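Hello,

Here is the structure I promised to pass on. Please open it first, then read my notes below.

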Amino acid sequence: MENQEQPKKSKRLIIVVIILSLIVIALVVDKLVGIHKTDVIISQLEESNNDKQNLSDELKGIYVQYEKLRTNNDSINQKLEVEKQKIEELIVELKNVKSSNFKKIDEYKKEVTTLRQIMRSYIVQIDSLHTKNQLLMAENTEVKSKYKDVLIRNEDLSTERDSLAGTVGRASTLKTINRIEYDDELTI
């Protein structure tokens, strides 16, 4: 009987070893999959953290660029101030966002793109206003020069008129004197 029980025990032992081996293999595979998932998550978090830092740096850079934009147009200056306030708010919000909030970070990326587009439109408007201002200043200088020429011509004409009036007055006086002398000669 012992001979018959030994193969049964051996079979049982082999089955237990196989089952245990399968369990160990399953646990090892599960652990490796878990490690891989953890590595992927860590990689995503690092990338998201870098994105968050890059966004923060971009927002600060955009803020500096908005600071440099100046014009004489109060309406545009007011709009620039509103955009700068938005940027400041975004910087504060971004600091409070967790790096694991991928959706929110993507929203901030879109917002940064929008801010850049808005800034480009302001730059175009400011350049246009600057060009128009230069043209108006040139036109103003030309008008002032022509006005000055007209004033000088007016003064010259006034002086000439006064001179002619004096000449006419003297001629009238001479005519009167001549008439008196002529009348005196006739009466003699």
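**What I found**

Asparagine 178 is partly exposed, because its relative accessible area is 48% (buried means under 20%, exposed over 50%, partly exposed in between, with a 1.4 Å probe and protein chains only). Asparagine 178 sits in helix α3 (helices are DSSP runs of H or I, at least four residues, numbered from the N terminus). From threonine 71 it is 107 residues away in sequence and 74 Å away in space, C-alpha to C-alpha.

This is a predicted model, where local features need pLDDT of at least 70, side-chain atom pairs count only at pLDDT 80 or more, and totals for chains, interfaces and linings use all residues. Residues are numbered from 1 along each chain as its sequence is written, and side-chain values use heavy atoms, without hydrogens and water.

The protein averages a pLDDT of 87 (the predictor's confidence in each residue, from 0 to 100). Of the residues, 93% score at least 70. Confidence is highest in helix α1 (residues 2-68), at a mean of 89. It is lowest in helix α3 (residues 102-187), at 86.

Now the core. The largest nonpolar core has 19 residues (buried Ala, Val, Leu, Ile, Met, Phe, Trp, Tyr and Cys joined through side-chain atoms within 4.5 Å). Leu59, Tyr66, Leu69, Leu80 and Ile87 touch the most other members. Helices α1, α2 (74-96) and α3 each supply at least two residues of this core. The largest share, seven residues, comes from α3.

Leaving aside neighbours within four places in sequence, tyrosine 66 is in contact (heavy atoms within 4.5 Å) with residues including Leu80, Ile87 and Tyr122.

Best wishes
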